[in-house]
Amino acid sequence: MTSTDTGAQESGAPRYVRLSIELIAEITDEDALKAAALAQVEADEYLDDDERAQSVEAIELDPTGSLAHFIDPVALLGEVPGVELTQATWESAQTAFDPEDDAYEFETE
């Protein structure tokens, strides 16, 4: 921690941290995932009709659309003391991955 960092904490100024998380998930039962995502969309009381229709279309189109409905950044940080989630965005997309390839590494900056 630098002296500048300490001063920001002492003055009460918020400190923002960008978390980058990369996950690779194997879809082992596409039908079960799709059914669960559709059920979640139908039960979501905060979606309006247009948002619900867009969500159903994404789920029907591609299993990555189904998986995106289960990502909850609020749940990830909701119980962390002294932290408030300010903004979140995420996406899901198919990727090339070979679990047998020892050379595979996550990209880092």
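The model is predicted, so local features need pLDDT of at least 70 and side-chain atom pairs count only at pLDDT 80 or more, whereas totals for chains, interfaces and linings use all residues. Residues are numbered from 1 along each chain as its sequence is written, and side-chain values use heavy atoms, with hydrogens and water left out.

**Overall organisation**

The protein contains five helices and zero strands, and its elements follow the order α-α-α-α-α from the N terminus on. Helices (H or I, at least four residues) and strands (E, at least two) are DSSP runs, numbered from the N terminus. Of the 109 residues in the protein, 12% are buried; buried means under 20% relative accessible area, exposed over 50%, and partly exposed in between (1.4 Å probe, protein chains only). Among the contacts with a separation of 6 or more, 48% come from residues 24 or more positions apart, a contact being heavy atoms within 4.5 Å. The protein exposes about 9,500 Å², of which carbon and sulfur atoms supply 49%; accessible areas come from the Shrake-Rupley method with a 1.4 Å probe, and for residues only the protein chains shown count as cover.

**The salt bridge**

Side chains of opposite charge can pair when their charged atoms come close. The structure holds one salt bridge, defined as a side-chain nitrogen of Lys or Arg within 4 Å of a carboxyl oxygen of Asp or Glu. The side chains of Glu60 and Lys34 form this pair, at 2.8 Å from N to O. Because Glu60 belongs to helix H3 (residues 49-61) and Lys34 to helix H2 (residues 30-43), the pair ties together parts that are 26 residues apart in sequence.

Ser66 has its place in helix H4 (residues 63-68). Apart from neighbours within four places in sequence, Ser66 is in contact with Leu33, Lys34, Ala37 and Ile59.

Leu76 is found in helix H5 (residues 73-77). Together with Val17, Leu19, Ile21 and Leu23, Leu76 makes a nonpolar surface patch of about 580 Å². Patches are made of residues with over 30% relative accessible area and no salt bridge: like charges are joined within 9 Å, and nonpolar side chains (Val, Leu, Ile, Met, Phe, Trp, Tyr) within 5 Å.

| Residue | Relative accessible area | Class |
|---|---|---|
| Ser66 | 1% | buried |
| Lys34 | 26% | partly exposed |
| Glu60 | 44% | partly exposed |
| Leu76 | 52% | exposed |
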